[in-house]
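These notes are meant for a colleague who is opening this structure for the first time. Please read them with the sequence and the model side by side.

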Amino acid sequence: MYKWIRSWASLPPPRPPLPHPRGLATATTGVLVVGGGHAGAEAAAAAARTGAPTLLLTKDARSIGVLSCNPSFGGVGKGHLVREVDALDGLCGRVCDRSGIHFHVLNRRKGPAVWGLRAQVDREIYTRCMQEELRKIPGLSILEASVDDLLVSESDPSRPGVWRVDGVRLADGSNIHAPCIVIATGTFLRGSINVGVQSRPGGRLGEAASVRLAETLDRLGLRLGRLKTGTPPRLDKNSVDLNLLEEHFGDQRPIPFSFLNERVSIEPTRQRSCYLTHTNPSVAKIVLENLHLSKHVQETTLGPRYCPSLESKVVRFPERCHQVWLEPEGLDSDVLYPQGLSTTLPEELQQMLVNCIRGLENARIVKFGYGVEYDFVDPRQLSSTLECRRVQGLYLAGQINGTTGYEEAAAQGVYAGINASLRSQHRPPYTLDRSDGYLGVLVDDLTSLGTSEPYRMFTSRVEYRLALRPDNADRRLSLRAYTEAGCISESRYQEALTVGVGIEEGVRTLKSLCLPASTWSRILPEAKISSRRSDRPSAFEMLRLPQVDMAVLSSALPETLGSLPHRGNIADRIKIQAIYESLEKQQLTEMEELRRDESLELPEDLDYQRIGISLSHEVRELLELSQPKTIAAASRIPGITPAALVNLLRFVKSRGGSNERRTSG
């Protein structure tokens, strides 16, 4: 038995199941989306926005948009993805702006290109707002049901593929037909939950795994792998001594995720604080003495390297004291989420190690941590639109592709939903490459390199990160999305046009105003410009200086620049563009150099652990292990960043002589 919901009118609160709708056994739609997590919700919304009748299938409609793990969005690299999802008219950015309770920009000490917009959100408000957003979308329906099988037929001979998807078979035996399907099952694909040495089927605590669907993907000949992740115990805030901990406040001027919002919903002074504490040798001792009691740790399945379990951190760095961030779960919630304390040890040991931490001596666990193992599909079997090469019309998004994180899932969901919708309408695909956005990098990394561990987005993965900034995602993506895919609204398109015109006019005016250096020195004393300079710098060049912004320029030259925006979004973006214009050109030159010299041979005597160039410890280990023959071969090693390749290339070229040999491989 399941519920059929056409307009989300029954959410929330829950009500008894509705009767089986007449004719549902042979129902047909344009796009089917399987799974209501972050990838599924964004995919369903994007498919409907792009013009296809869309049906979202989920086991429980009340769990759509639920934050299964941490109560936060964004971060370094991840915040870029949220901005790009928003530029494509996705939902999570504006939902974060409504539900956020603590906003903070990471990497502030670095340039705006690598700022990491981040927000703690209220779990309940986020889920409610996400469901409200979905209710508003015309052409989107939802069905509470479990998918047992895919319906397939012979492939279209005019396109690559062995099979063609025709629809799904539900657990009650009824069929729903669709030419395009997006599978976004998260960690549910043959998932198992581990606590201590105990293991039971499940994709999330209290929810069943999707076993038959995994068996179907097996039968269709898709290569599957196994990954794992985990979540920490939740703590009762009233039992924690916050006075002993380091308090961190939200930003006084929160930056919204959505380009549609000038401000976030919460007043800055009402933001909730986060608190920092650390593990200690007592915690490490408990972990190291009880590793044999954690099935999750003993498994050879790989977990997330960049958000590892407490056990993994202690085993790798037993002498370190590791950070534990206590994050609020909501405005009215008494639950704290201890970021950095993910563990699958038995429950009594979880309580013991928590009570060894400063400030948590009397802390009570209200929900114990656990681990999840699950199947994923090798993403190298997907095309650049996230469509399975082997099964025409079948798209995959989210953790089923080997990624980790809400942001990576949401980004794939938007992208797969747009392309599934376009395919169902026989329209050309919408594709992004590495120079278009972080989403293009994410898709290319997955489909070209694959992954052997949960994939996380970082700024270091992105060649053109100085151009692909959080501030310009709308200008990079929204206009194309409207003209090529029709997946954003007319109002958003017009807003992006208006903002673009404002920025271009401001830049043009500033570049046209050139004055002697002595004049700038006089009217901008705070900038400390040498009056001995003989050139005539433009106002745009002055804006690159850290002491100068649009307000300073407008005040210094009110008659000439007074009409330009001197505060707010457009003023900030003109300043950022001034900072990066010359740097973008330099980075483009580096990337062209890398492409031109990718066939350069690497010397066989290179000691990657000792060479005096800027390479991370992780990159050195990968190069030492793989021993690539050429720059091109090095670029294909998962984990080797573009910056590392440029540094390696220039080091090898600087050695000159016989090392500058080129090869076709």
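1. L513 is buried, because its relative accessible area is 14% and buried means under 20%. The model is a predicted one, and this value, like those that follow, should be read with that in mind.

2. As for where this leucine sits, L513 lies in the loop between α13 (490-512) and α14 (517-523). Leaving aside residues up to four places away in sequence, L513 touches W520, P537, S538, A539, L557, T560 and L561. One of these, A539, is 26 residues from L513 along the chain, yet the C-alpha atoms of the two are separated by 5.7 Å.

3. Turning to the nonpolar cores, the largest has 133 residues, among which L57, Y430 and L648 touch the most other members. Helix α10 (residues 406-424) gives the most to this core, contributing 10 residues. A second, separate core of 25 residues includes L513, together with W520, V552 and A578.

4. Helix α21 (residues 642-655) has 14 residues and spans 20 Å from its first C-alpha to its last, which is close to the 20 Å expected at 1.5 Å a residue. Within α21, the buried residues are P642, A644, L645, V646, L648, L649, F651 and V652, and what covers them includes α18 (569-596), α19 (617-626) and α20 (631-635).

5. Which residues does L648 touch, not counting those up to four places away in sequence? The contacts of L648 are with L602, L606, Y608, I611, I613, L623 and I631.

Technical notes:
Residues are numbered from 1 along each chain as its sequence is written. This is a predicted model: local features need pLDDT of at least 70, side-chain atom pairs count only at pLDDT 80 or more; totals for chains, interfaces and linings use all residues. Side-chain values use heavy atoms; hydrogens and water are left out. Helices (H or I, at least four residues) and strands (E, at least two) are DSSP runs, numbered from the N terminus. Buried means under 20% relative accessible area, exposed over 50%, partly exposed in between (1.4 Å probe, protein chains only). Contact means heavy atoms within 4.5 Å. The expected span of a helix is 1.5 Å times one less than its number of residues. A nonpolar core is a set of buried Ala, Val, Leu, Ile, Met, Phe, Trp, Tyr and Cys residues joined through side-chain atoms within 4.5 Å.
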